[in-house]
Amino acid sequence: MDVRILEMPLDFGASRHGSDMGPSAMRLAGIRDALERIGHRVTRHGAPPDMPTQEYADPGDPHAKYLAPIAAACSALAREVEDALSAGAFPLVLGGDHSVALGSLAAAGAAAKKAGARLGVLYVDAHGDFNTPETSPTGNIHGQCLAASCGLGLPQLVDLHEPGRKVDPERVCFVGTRDLDPGERDAMRRAGVTVFSMSEIDRRGFPAVLRAVSEFFRERADWVHVSFDMDVLDPMFAPGTGIPLPAGLTNREALLLMEEMADSGIVKSAEIVEVNPVLDVRNQTAVLAAALAARLLGEKIW
Ligand SMILES: [Mn+2]
C-alpha cells in the first residue's frame, strides 16, 4: 500500500510545548523503515504547513487558545489527507498535539461521505477531548478536537474544511479512557459515544474488550480512522507525552489493539499524536509510536 506520512509539527493545542518535535522523533525512531519492511511504499507527503512558533504567538481567546493558527494548519492538513484518500493511499498523520485530528477527521469525514461510507473512529486516549469552549478548564484546543469533529463547539472548528459535523458520535469508540472533565463527560453521554474505560478493561479483561471493539466497528462502520494519543499508555512505557497519567495501557495491550484493528481490514487513515521528545527518555515513546504504526499497518510477528 502507498502510505503517505503527513507530519504536523504543531503544539498550539496543548499547554506543555514540545510535541511539535514529535514528527522528527518518530522519523528518527525509524517509522519509515518499519513500514517499508512490511512492504509499504512510504512517502513523506505535503510540506508541513508554515506555522508561527507558539512562544512568539498571541494565544487570543482564553477559551480557545491559538484558534487561528490551529484552524489554518488543520485546513491545510485536511486537504492533504483527502488527497491521499482519493488517491487510494493511506494517510498517516504524525503529531503534534491532538488538535491535528481536526484536520484528519474533517478529511476522513468528507471522503467517507462522498463514498457513501459510514465513518467510525477509534479514539485511543486517556482523555475525552470532548470539551467545548464553555466546559474546557484550560482553553486548550487539543481537549476540544473530537467534540468539534462531532459538531459541538466553535464554528471555526466544526466547519473546518467543509461545513457541518464530520463524525457521527454514535460511531466513535474510546479505549483506555481514564480522565474526563465533568462537563465533557456529560457531553459524551448526550452525544452517545461508546467508552471502554480503563476500569472497563480491568473488569472485563483486555481480550474481551478487543472483541467488543471489533464488533462495534463491524456493526457500525465501513471505514475506520484510528486516532492514537500516546498518553493512553502508562507513563512507564511512554513517558514522552504532554499529559502523562498513571494506570494506563501497557505497550503489549496497545500493540495488540493495533493488530486487531489491522485485521478488521477497514482502517483507512490514522494519526499518532502527543509524542513529546522534551519529556521523553531515550526516545522510547517515539520508538513505541513507530511500532504501533507498523502493527496498525499489518506487521505480524508470526
Ligand atoms: Mn488526546
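Colleague: Is Asp229 buried or exposed?

Modeller: Burial is read from relative accessible area: under 20% is buried, over 50% exposed, and partly exposed lies in between, with a 1.4 Å probe and protein chains only. Asp229 has a relative accessible area of 2% and is therefore buried. Asp125, at 0%, is buried as well. Please note that this is a predicted model, in which local features need pLDDT of at least 70 and side-chain atom pairs count only at pLDDT 80 or more, while totals for chains, interfaces and linings use all residues. Residues are numbered from 1 along each chain as its sequence is written, and side-chain values use heavy atoms, with hydrogens and water left out.

Colleague: Which residues coordinate the manganese ion?

Modeller: Donors are N, O and S atoms within 2.8 Å of the metal (3.2 Å for Na, K and Ca); water is not among the atoms, so sites may look incomplete. Here the manganese ion is held by ND1 of His98 and by OD atoms of Asp125, Asp129 and Asp229, at 2.0 to 2.3 Å. The spacing of these donor residues in sequence is H-x26-D-x3-D-x99-D. Asp125 sits in the loop between β4 and α5 (145–149) and Asp229 in strand β7 (residues 223–229), so this pair ties together parts 104 residues apart in sequence. Helices (H or I, at least four residues) and strands (E, at least two) are DSSP runs, numbered from the N terminus.

Colleague: How many aromatic pairs are there?

Modeller: Rings of Phe, Tyr and Trp (its six-membered ring) pair if their centres lie within 6.5 Å; planes under 30 degrees apart are stacked, over 60 edge-to-face, and the rest tilted. That rule gives three aromatic pairs. One of them, Phe12 with Tyr66, is tilted, with 5.0 Å centre to centre and 55° between the planes. Phe12 belongs to the loop between β1 (2–8) and α1 (22–28), and Tyr66 to the loop between β2 (41–44) and α3 (67–86), 54 residues apart. Phe12 counts as buried because its relative accessibility is 2%; Tyr66 counts as buried at 11%. Tyr123 and Phe174 form an edge-to-face pair, 5.4 Å centre to centre with 65° between the planes. This pair links strand β4 (residues 119–124) to strand β5 (residues 172–177), 51 residues apart.

Colleague: How many residues of α4 are buried?

Modeller: In helix α4 (residues 101–115), 12 of the 15 residues are buried, among them Leu102 and Leu105. Just after α4, Gly116 takes a positive phi of about 70°.
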